[in-house]
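Please keep the sequence and the model open while reading.

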Amino acid sequence: MDSLRSKENLNQFERIFGKTNSHPRLFGAPARINIIGEHVDYLGGIVLPAAIDFSVQVFIRPNQTSYYQFHSVTYQETVKVEKPFHQNSNSPWTDYITGVIQEMEKLGFSIPGFDLLVDGDIPQGSGLSSSAALEVVTGFAISESFGLGIKKETIAVIGQKAENNFVGTKCGIMDQFIIAVGKANDCISLNTDTLQYTYHHFDLNEYEFYLINSNVKHNLKDSAYNQRRLECESALKKIQAKFPKFLQLYDVTLSDEELQLCGLSLEEKKRTIHVTSERERTKQVIQGLESNQLESVGNALFATHESLSKNFEVSCEETDFIVSTLKALGAVGARMIGGGFGGCVLVLDKKDHFAKINEEMKKSYQQKFNLALDFYKFQISDGVKEISI
Ligand code: GLA
């Protein structure tokens, strides 16, 4: 978001909440992509996300009361929130903020009243984690404003808990984590079991990553997400009954015959196949990025899409069409990213191929679904931070 928009938001903050001697502070959190490791971050898997330069920004100022006031620029709505906290079905956007305050208080922090204005340019429902960005920026802004000094890694966990316990989506830790610790030009490999992570820098030379937004968001998204998580948990329980050494579904290394002995339903078996095969593809991508073998990275991206579509069943007709058309047009690799059921496709391709792909994809998608496609080029950027204006 440009600084002009931030300045307008500051004026709007002071119009709504009044002008005082204490200046509101501005904080921003990015969106994220995930190169590989999809639907494994609640199963102890390795993920490879990076922060990108879309953002959610908040202005915040303590208000010396015991209540909280939030204003959304997107919804042009101001909401007052008091304890005890409840979900707000009329203004669901406030739940991401309230949930963070609640989780901070559960950790023993006492959070005094404040006024907050939020604005953002992360397309919602696009699989780029606008909700995690709102959680993380809220947690960081509160921590900095009241001098709580909470580590960014802990802010990420607070954000995830807000989403799990208050909003009700049983998401993993990937989105909040990368949005908290991201660094310009680097992705991280994050072990979601131990929360150990390493920064990776890679050169793409004549290749590039970019995003295509399918502009669809299917409404079974959240319920199906929670359902997939339950299926993975029940698969692990059945596997552990026969093979107790496996503590996480991601670590299961069993032959087809051995899996057969576990009495998995067809769904549980397919989910297990996706999760365990993603482990191999992730190794292939890390190696490929490190050794500059980008065709191999691209093949793994296509293979992950196939598995997310057929085994994990979180794709949809529109994103399947985008990926198969890209493949037919000779793109190096592509796959849906995030929770699924619409949203964005991540593409890896040669830079000089972009104009042709852009033109042909837009034409064929419009013909097939009567819908426009959006293409996003992005920069890998920093995680949550204070912004000076
Ligand atoms: C959503 C969730 C993440 C992760 C991805 C799928 O983005 O918020 O925790 O599970 O889906 O990899």
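## Basis and numbering

Residues are counted from 1 along each chain, in the order in which its sequence is written. The model is predicted, and local features need pLDDT of at least 70, side-chain atom pairs count only at pLDDT 80 or more, and totals for chains, interfaces and linings use all residues.

## Domains

The domain assignment of the chain gives domain 1 (3–202) and domain 2 (207–377); such bounds come from an automatic or database domain assignment. The C-alpha centres of domain 1 and domain 2 are 26 Å apart. Their contact takes 26 residues from domain 1 and 35 residues from domain 2, where two residues are in contact if their C-beta atoms, placed from the backbone, lie within 7 Å.

Residues 12–62 are 12% helix and 51% strand, with end C-alpha atoms 17 Å apart. Residues 96–182 are 59% helix and 8% strand, and their end C-alpha atoms are 20 Å apart. For residues 286–365 the figures are 57% helix, 16% strand and 32 Å between the end C-alpha atoms. Helices (H or I, at least four residues) and strands (E, at least two) are DSSP runs, numbered from the N terminus.

## The nonpolar core

A nonpolar core is a set of buried Ala, Val, Leu, Ile, Met, Phe, Trp, Tyr and Cys residues joined through C-beta atoms within 7 Å. A residue is buried if 20 or more other C-beta atoms lie within 10 Å of its own, exposed if 12 or fewer, and partly exposed in between, with C-beta atoms placed from the backbone. The largest nonpolar core has 103 residues, of which Ala-133, Val-136, Val-137, Ala-334, Val-345 and Val-347 touch the most other members. Domain 1 (3–202) and domain 2 (207–377) both give residues to this core, so the core lies between them.

Leaving aside neighbours within four places in sequence, the contacts of Ala-334 include Leu-301, Phe-302, His-305, Val-323 and Leu-326. Ala-334 is also in contact with Leu-346, a residue of strand S11. Leu-346 is buried, with 24 other C-beta atoms within 10 Å. Not counting residues up to four places away in sequence, Leu-346 touches Ile-33, Phe-209, Leu-211, Ala-334, Arg-335 and Ile-337. Leu-346 and Gly-333 are 13 residues apart in sequence, and their C-alpha atoms are 8.3 Å apart.

Helix H10 (residues 317–328) has 12 residues and reaches 16 Å from its first C-alpha to its last, close to the 16 Å expected at 1.5 Å a residue. The expected span of a helix is 1.5 Å times one less than its number of residues. Which residues of H10 are buried? They are Glu-318, Thr-319, Ile-322, Val-323 and Leu-326. They cover an arc of only 130° around the axis, which puts them on the same side of H10; the arc is that of the directions from the helix axis to the C-beta atoms. An α-helix has 3.6 residues a turn, so residues three or four places apart point the same way. The buried residues of H10 pack against strand S9 (207–217), helix H9 (294–310), strand S10 (333–336), strand S11 (342–350) and helix H11 (354–369). After H10 comes Gly-330, with a positive phi near 90°.

Helix H8 (residues 266–290) has 25 residues, and its end C-alpha atoms are 37 Å apart, which agrees with the 36 Å that it should span at 1.5 Å a residue. Among its buried residues are Glu-268, Arg-271, His-274, Glu-278 and Arg-281. H8 is followed by Asn-292, whose phi is positive, near 60°.

## Backbone details

Lys-83 and Pro-84 are joined by a cis peptide bond, with omega about 0°. Pro-84 is in the loop between strand S5 (77–81) and helix H2 (95–106).

Gln-76 is not a glycine but has a positive phi of about 50°. Gln-76 sits in the loop between strand S4 (68–72) and S5, and is exposed, with 8 other C-beta atoms within 10 Å. Leu-195, also a residue other than glycine, has a positive phi near 65°. The loop between strand S7 (186–191) and strand S8 (197–201) holds Leu-195, which counts as exposed with 12 C-beta neighbours inside 10 Å.
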